[in-house]
Each structure stands twice: as C-alpha cells, then as structure tokens.
Amino acid sequence: MKKALALILTLVCLCGAVLAEAPDTREVQVRLEGKEVTAVETRYDTGFGFSFWYPADLLSVDRDFSESGMSLLLCPAEMEIDLPIYMELMLPEAIGLNPGEFLDENAPEGLEYSVDIAENGQEIVFYSLYDAETGLVSGSYVVRKDIDHVVLVATVYPATATAGFAGWFNRIIWNIEID
C-alpha cells in the first residue's frame, strides 16, 4: 500500500511539473492576407526584460546565434525557404548602439521615421525600406517603454511575404511587453 501511495504521489508531482512548464498560449483573431483567421500564440519570456507573443507553429526562436547573448532571432519554423525571413530582437547593449544610432545606421539620409503608440502605451519609432534589386523589405524598430527600457528590432523578408510574415512580425512588435 505504501508503494502504491508513493507511486501515486510521484505521478501527481510529475504531472504538476509538466503542467507548470507548459508555455502560456492564447487563441487570437488575426487579419492576415486579407482574411480573418484564428491563431494560437505562445508567450516567450526572453529573460532580457521583455516578452512577446508569437505563433510557435510558424516561427521558431533561436537564442544560439547571438554573439553577445543579448538578442534572439525569430525565423520560419521547419520550413524550406530560400529567401531570408527573420526578425531579430535585442537590447541596445547587444550591438553597442543607442536607439537613434540603431535607426540611423541603415536609413538613407533625410528619411523621416514613423512613430506609433502601441495599445500598451509604448512608443514605436520605425521605418521599412524596399530594395528593388533584391526584392527584400528590411525594417528597423525601436520599442520604448521609457528612456531606460528599450527593445531594438530588425526585420528582413521578401516583399512577397508582406501579408504573411510581415503581418506576424508587426503583430509581435506592437505587442512586446517591456518589464
């Protein structure tokens, strides 16, 4: 009887541990490629002072590519794609640039940045550029809660993916939660 009780308690503890490690998910209605779709998003806590929700079935998170250890990459999950499609999220310390320098680094001189306020009150300063030669769109984003709490984001995707991956990238950027 004691062995059976010990086995039951062990199973209950194991099940509790598995449930405690299960990621937070939520079901959302998203407009992509001109259609309203239901999707499941997973919350990812970066450990860098910010988190975000993303479609884990579509994008994977790679922490291993970062030389500084202060950035991560989102790219298509288990898909054979020959064109670059990725989003890098990082702290300013990851690249040694302040937010203004980060935006200025690849922007043509005189480019005016767009500014938006996310639903959570965070300011987003950004631009995106289309390169007709490569067919790629690149974007640079500064997500700012306040002067001391900033996330830098760089995106690259083919113009043909604007309605799909770009839609998800924008959704992730506008929903970053800075601690």
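Reader: What is threonine 46 in contact with, once its neighbours within four places in sequence are left aside?

Author: In this predicted model, threonine 46 is in contact with Ser51, Phe52, Arg63 and Leu72 when those neighbours are set aside. The word contact is used because heavy atoms lie within 4.5 Å. Threonine 46 itself lies in the loop between S2 and S3.

Reader: What makes threonine 46 count as buried or exposed?

Author: Its relative accessible area is 1%, and the word buried applies under 20%; therefore threonine 46 is called buried.

Reader: What is found 2.6 Å from a polar atom of the side chain of threonine 46, and why is the pair called a polar contact?

Author: The backbone oxygen of phenylalanine 50 lies at that distance of 2.6 Å. A polar contact requires a pair of N or O atoms within 3.5 Å, one able to donate a hydrogen and the other to accept it, so the distance of 2.6 Å falls within the cut-off.

Reader: Why are S1 and S2 said to pair?

Author: Strands pair if at least two bridges are found between them, and S1 and strand S2 (residues 35–45) have 8 bridges, in the antiparallel sense, so they qualify as a pair. As an example of how they face each other, glutamine 29 stands opposite threonine 38 in S2. On this sheet packs helix H4 (residues 165–174), which touches S1, S2 and strand S3 (50–54), and whose direction makes about 125° with that of S1.

Reader: In the open sheet of 7 strands, what makes S4 and S7 edge strands?

Author: The order of that sheet is S4-S5-S6-S10-S9-S8-S7, with antiparallel pairing. Strand S4 (59–62) and S7 each have a single partner strand, so one side of each is left without a neighbour in the sheet. From one strand to the next, the twist averages 20°.

Reader: How do you know where the buried residues of H3 lie around the helix?

Author: In H3, Pro99, Phe102 and Leu103 are buried. Seen down the axis of H3, the buried residues fall within an arc of 95°, so they line one face of the helix. In general, an α-helix has 3.6 residues a turn, so residues three or four places apart point the same way. The buried residues of H3 pack against S6, helix H2 (92–95), S8, S9 and S10.

Reader: What makes asparagine 98 a cap of H3?

Author: Asparagine 98 caps the N-terminal end of H3 through a side-chain oxygen that lies 2.9 Å from the backbone nitrogen of glycine 100. The cut-off for a polar contact is 3.5 Å, so the value of 2.9 Å falls within that limit.

Technical notes: Residues numbered from 1 in each chain as written. Predicted model: local features only at pLDDT ≥ 70, side-chain atom pairs only at ≥ 80, totals over all residues. Heavy atoms only, no water. Helix = DSSP H or I, 4+ residues; strand = E, 2+ residues; numbered from the N terminus. Axes fitted to C-alpha atoms, helices over the stretch in contact; angles between N-to-C directions. Buried < 20%, exposed > 50% of the residue type's maximum accessible area, 1.4 Å probe, protein only. Arc of directions from axis to C-beta.
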